Amino acid sequence: MNNYFFLFLFLSSFTYSSGVRLDIHDKHVVMDNGIVEVTISNPEGFVTEIRYNGIDNLLELLNKESNRGYFDMVWDEGKSKRKKGEFDRMEATNMSVIVENEEQVELSFTRMWNSSLQGLYPPLNIDKRFVMVSGSSGFYTYAIYEHLDEWPGFNLSNTRIAFKLRKDKFHYMVVAGDRQRFMPLPDDREEGRGQVLAYPEAVLLLNPIEPQFKGEVDDKYQYSCESRKNQVHGWISMDPPKSTGFWIITPSNEFRSGGPLKQYLASHVGPTSLSVFHSTHYSGVDLIMRFRPNEAWKKVYGPIFIYLNSLSNGESPTGLWDDARQQMVNEIESWPYKFPASEEYVKAEQRGQVEGRLLVRDRYMSDAFIPVSSASVGLASPGEPGSWQRESKGYQFWTITDDKGYFSITNILPGEYNLYSWVKGYIGDYKYDKVINITSGSEVNVGEIVYEAPREGATLWEIGIPDRSAAEFYVPDPNPKYINRIYVNHTDRYRQYGLWERYADLYPKEDLVYNVGTSDYTKDWFFAQVNRKKENKTYQATTWQINFNLENVNANGTYKLRVALASVHYAELQIRVKNSSEANPPLFTSGVIGSENTIARHGIHGFYWLFNVDIKGTLLAQGNNSIFFSQPNNTSPFQGILYDYIRLEAPPHHTNFTPKLNILPN
């Protein structure tokens, strides 16, 4: 894209800029900087109008004012682990002006909790902030949640900000460079035009208003994004005379729960755009924020930037996307922002930094300490190795190593942290053995740190790639009845609806058998161990078999089976050797674990699990051997296991085998 194009976008946004003006009315307040005009209900704090580019309101006029632009949360009083939570649109009761001058307006909409509200609202003080600055083609928003130590406990399972755009204008959606398309209307999902499939979010479009969508499946979970990639997404209106873009830009994921791999909803049919701060999607009950009575807590979510841009009709809509991505880069470079007026938002000079070098040692690959590039290194609340993926109350700060293993994590909020890491190509999780205390302006150098990857013996065989995902395994073509055309011949083909049912098509009577040495995991290992659908709408549990040959067996030694899982949903992994019969007690059982619902939500990964199973040499034979993986729970099509990587190791110092390894380039 040439410089003249971006100059046009720049001028179209800033030519008419003036100082920021604030108008306060009985039921609304209006922020206007000459480019964008934003109306917010007073005192509730709902965004009711966004005027831009000659359009009187980008938000859906047919919706109530409380259902256009709003923060919300799902919560419960913590009395039941499985109870469905209450939906709260976080209606404020007081509005105050924090900053008002020509350069900036910042508004605060608060709801303060007291015991008379117990059971009606979550025990939180809530402060929703909206900020407009001069010369900016958009506005910022953030929120501060506080739970005082004398208040009762409760659970928080989801919180976000949502924008509902006009369905008569916004028809083209972008969640990534290779995930953008014209979208069906919300009307197409209604009874008579659409058919609900296995769950309400998935709808087969039978008679859509635009016939081009007929026969497709619409499901908001098909457009989820990992937190580390969920930085900009939105919608484009191509109505003349100028195309208009509406974008949510998240310049930092420090306030999101679950770390960089956690998947969140983004934009979807509505047209809807979300910035989700915390959710249990792809994680389940393990990621519910559970507050005990007398537990003090405070957290700032955001700021995020609502960015608007425009372009003369006739130009490709990708121009608006390219400009939005550049604006995302600008916002990231400006983080942490200088303008937020709340004292709870920590500025750059009050933050700290951690740097060091990560080396990896796997003694059956090399005795040397190996620097690895693109390893994930991060700070999160103190815990066990890998606990960051279940952490939600604090902040997290992540980066990746360079080609020599060096890393630098900047703009860290003051507090106590553990340093964590995981490395593609190696199993397990690393945790630095010391707690790191960050203070204002501190610079911590941890020096060279070494991750000793789990290993006891040489690799006899392995299946998959240790990368915390099941994407390398066989992902089938979808049933032609349930296509989303964007994912045909796409790298994210696993996002198609109904792939769990394809297992029964491929294995109608007998389960998967994998022969080490001749089978290919990209073709012969189904991406998820799911139940087999039967004709009477019941489901049959499955047992997968791995066959392998050993030239020699150390009967006095102990072999190690490493099983890394990419996700589990109310499933139990049972492992048996030699005999798959249920009468044969399993050598290992995980018990029923996971509530991630990744199979239904097309996620390919959720939580990472690693199990290390001892197999005594007496259970193995010279020649042919078999290991059986059973998943006995069969009440739902979505119960199942996504494997990441499986490896059998010889006993320590057993040297009669030549390792075969997947060596990943740095």
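Which residue forms a salt bridge with Asp 505? Hold that thought for a moment, everyone, while I say what we are looking at.

This is a predicted model, in which local features need pLDDT of at least 70 and side-chain atom pairs count only at pLDDT 80 or more, while totals for chains, interfaces and linings use all residues. Residues are numbered from 1 along each chain as its sequence is written, and side-chain values use heavy atoms, with hydrogens and water left out.

Back to the opening question. The partner is Arg 502, and the closest N and O atoms of the pair are 3.0 Å apart. By salt bridge I mean a side-chain nitrogen of Lys or Arg within 4 Å of a carboxyl oxygen of Asp or Glu. Both residues sit in helix 3, residues 502-506, with a spacing of 3 residues, about one turn of the helix. Helices here are DSSP runs of H or I with at least four residues, strands are runs of E with at least two, and both are numbered from the N terminus. Arg 502 is buried at 16% relative accessibility, whereas Asp 505, at 48%, is partly exposed. For those words, buried is under 20% relative accessible area, exposed is over 50%, and partly exposed lies in between, using a 1.4 Å probe and protein chains only.

The salt-bridge count comes to 37, so let me pick out a few others. In helix 2, residues 318-333, Asp 322 and Arg 325 are 3 residues apart, about one helical turn, and their side chains meet in a salt bridge of 3.0 Å, N to O. Here Asp 322 is the buried one, at 18%, and Arg 325 is partly exposed at 38%.

Now for a pair between loops. Asp 362 and Arg 455 also form a salt bridge, at 3.0 Å from N to O. Asp 362 is in the loop between strands 25 and 26, and Arg 455 is in the loop between strands 33 and 34, so the pair ties together parts that are 93 residues apart in sequence. Asp 362 is buried at 4%, and Arg 455 is buried at 8%. There is also a network of salt bridges that links Arg 21, Asp 23 and Asp 32.

Setting aside residues up to four places away in sequence, its contacts include Val 203, Leu 204, Tyr 482 and Tyr 497, where contact means heavy atoms within 4.5 Å.

Last stop, the nonpolar cores: sets of buried Ala, Val, Leu, Ile, Met, Phe, Trp, Tyr and Cys residues joined through side-chain atoms within 4.5 Å. The largest has 106 residues, and Phe 246 and Ile 50 are among those with the most contacts inside it. Strand 24, residues 297-312, gives this core its largest share, 9 residues. Phe 246 touches Ile 50, Phe 163 and Trp 235, among others. A second, separate core has 62 residues, including Tyr 503 and Ala 600.

Thanks, everyone!
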